[in-house]
Amino acid sequence: MQKQRKKIARLIAGAAVALAAVSLAPMGIAMAGEDGAKKAPSQAAVEQHSDDISAKIVGGTEAEKGEFPWMVRLSMGCGGALFEKDVVLTAAHCVDGSGPNDSITATGGVVDLEDSDKVEVKSTEVLQAPGYDGKGKDWALIKLAEPIDQETLPIAEDDSNNKGDFTIAGWGADKEGGEQQQKMLKAEVPFVDDATCKGAYSELVEKEELCAGFMDKGEIDSCQGDSGGPMFRKTEGGEFIQVGIVSWGEGCARPGKPGVYTEVSTFAADIKKAAADLG
Ligand code: ARG
């Protein structure tokens, strides 16, 4: 209840600047094979303005099978990344709080959600970022009943990779108001500095959020249903590292309105400790 009020408050705050196009709600989806899909009240509200809202990776291309092995699709309509083989890092706004939870299914090992090679594993426990109240701190961990045997994605532990171009990927909408995707899309978006992003979004929490996108043209962005999925890049050593978690934005791929991502390095120590505590 409390949480819904906050979501709605957040939506209203967004609406003031943005015709109700900002939503932290996971996408309510009805794709074959995805259970537990639900539509958050704030999402329903957003959809009333359906000609100016966003929804998947916009301006992307199909990922190759095995290209991003850590990617998982979550049954509530979010993305995630394997932090451990049996722990998924996603967004706090994709889950309903902390505690034992067997209601989420994680699908891994595929690009195409209908591919018979897919591995589906249930959750056992969820840890939502302590103190999460709808503003910043948008991370959560999901413990899986069994490991998914795929490569994991290490997280950035300092801000040295908060620059350059990032890769985003997911099964979310391919345009504002668009459908969830059966095949994972990917795209590249450049870093946007805090001052510029604050100019676009006065509510930005600079220490906890990181922005990316094409300020001038828009066109390429994450979108509804990509939430919780990773934003990553290669380090100088050539290893992929996760720098962000898809969190929110006004619409999708609008000029002047970059995507906002959880700043992973800020929470790296908390995430590691929480994962260890999940056992
Ligand atoms: N909150 C959205 C979700 O649940 C993610 C929106 C990302 N928006 C953006 N313009 N980058 O899927």
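This is a predicted model: local features need pLDDT of at least 70, side-chain atom pairs count only at pLDDT 80 or more; totals for chains, interfaces and linings use all residues.

Reader: How is strand pairing defined, and which strand does β2 join?

Author: Helices (H or I, at least four residues) and strands (E, at least two) are DSSP runs, numbered from the N terminus. Two strands pair if DSSP finds at least two bridges between them. Here β2 (residues 71-74) runs antiparallel to β3, with four bridges joining them. Val-72 has Gly-80 of β3 as its bridge partner. The hairpin of β2 and β3 has three residues between the strands, and Gly-77 takes a positive phi near 100 degrees there.

Reader: How many bridges link β3 and β4?

Author: Three bridges link β3 to β4 (residues 87-90), again in the antiparallel sense. Two residues lie between β3 and β4 in their hairpin.

Reader: Why is β3 described as largely enclosed?

Author: A residue is buried if 20 or more other C-beta atoms, placed from the backbone, lie within 10 Å of its own, exposed if 12 or fewer, and partly exposed in between. Strand β3 (residues 78-84) is largely enclosed by the rest of the structure because six of its seven residues are buried.

Reader: Which class does Asp-194 fall into?

Author: Asp-194 counts as partly exposed, because it has 16 C-beta neighbours inside 10 Å. Asp-194 belongs to helix α3 (residues 194-200).

Notes: Residues are numbered from 1 along each chain as its sequence is written.
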